[in-house]
Amino acid sequence: TPVPLAPQTEADTTSQTGLPAKTRKKWSMPGFFITVQHDQSHETVIINVDLTLILLLDPGQPLPEQKKAYVRDTIYQFYSNRPVDELRRYSLARGEMIRNLESWLKKAWPDGPVASIIFDKYRVVR
């Protein structure tokens with residue numbers, strides 16, 4: 001005979017090591033306006049980026065607000081060091097952009113709790 005499933009309890013939400021599971025928190029990073037100039041043609045492109053970082057934090061741990069300026073600067077450096085053609089291609093290749101930005105953030109902040117990135121807006125203005 002089939003055995004009915006027991007309802008999930010708080011003990012079930014802990015990991016196998018007995019420690020509470022990490023919680024996901026959203027960290028909004030809106031309002032990037034980045035000007036990039038093409039090396040050979042001297043064409044200038046402005047991009048507008050709004051994104052949200054998903055962080056894995058311990059229960060009750062606050063967002064790392066003291067790192068916000070560093071993280072914003074790291075994101076800014078990622079886009080300002082890209083060729084104009086690649087920035088335009090990112091409009092259609094969001095998955096590639098996310099992978100590249102995640103890799104860039106991991107190099108700059110190796111012990112950071114960034115789990116994933118959600119783009120709210122990515123637009124090449126000109």
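## A contact made by D50

In this predicted model, the side chain of D50 comes to 2.5 Å from the backbone nitrogen of G31. D50 belongs to strand β2. Its relative accessibility is 16%, and because the limit for a buried residue is under 20%, D50 counts as buried.

Leaving aside residues up to four places away in sequence, D50 touches M29, P30, G31 and F32, and also F119, D120 and K121.

With a relative accessible area of 8%, T52 is buried. The side chain of T52 is joined to that of D120 by a polar contact of 2.9 Å.

When residues up to four places away in sequence are not counted, the contacts of T52 are K26, W27, S28, M29, S116, I117, I118 and D120. One of these, S28, has T52 as its bridge partner in β2.

## The sheet

Which order do the strands of the sheet follow? The sheet is open, has 3 strands and runs in the order β1-β2-β3, with antiparallel pairing. On average, and with direction ignored, neighbouring strands are turned by 20° against each other.

The antiparallel pairing of β1 and β2 extends over 13 bridges. In general, the strands of a sheet pair through backbone hydrogen bonds, in either a parallel or an antiparallel manner.

## Helices on the sheet

Two helices are described here by their packing on the sheet. Helix α1 touches β1, β2 and β3, and the direction of α1 makes about 45° with that of β1. Helix α3 packs on the sheet as well, in contact with β2 and β3; the direction of α3 makes about 125° with that of β3.

## Two faces of helix α3

Helix α3 covers residues 94–108, which is 15 residues. From its first C-alpha to its last, α3 reaches 21 Å, close to the 21 Å expected at 1.5 Å a residue.

The buried residues of α3 are M97, L101 and L105. Viewed down the axis of α3, these buried residues fall within an arc of 65°, so they line one face of the helix. As a general rule, an α-helix has 3.6 residues a turn, so residues three or four places apart point the same way. The buried residues of α3 pack against β2 (44–57), α1 (68–80) and β3 (114–124). On the face of α3 turned away from the buried side are the exposed residues R99 and K107.

## The chain as a whole

The protein chain contains 3 helices and 3 strands. Along the sequence these elements follow the pattern β-β-α-α-α-β. Of the 126 residues in the protein chain, 31% count as buried, D50 and T52 among them.

How much of the contact in the chain comes from residues 24 or more positions apart? Among contacts with a separation of 6 or more, such residues account for 69%.

Note on methods:
Residues numbered from 1 in each chain as written. Predicted model: local features only at pLDDT ≥ 70, side-chain atom pairs only at ≥ 80, totals over all residues. Heavy atoms only, no water. Helix = DSSP H or I, 4+ residues; strand = E, 2+ residues; numbered from the N terminus. Expected span 1.5 Å × (residues − 1). Buried < 20%, exposed > 50% of the residue type's maximum accessible area, 1.4 Å probe, protein only. Arc of directions from axis to C-beta. Contact = heavy atoms within 4.5 Å. Polar contact = N/O pair within 3.5 Å; in protein donor to acceptor, adjacent residues only side chain to side chain. Pairing = 2+ DSSP bridges. Axes fitted to C-alpha atoms, helices over the stretch in contact; angles between N-to-C directions.
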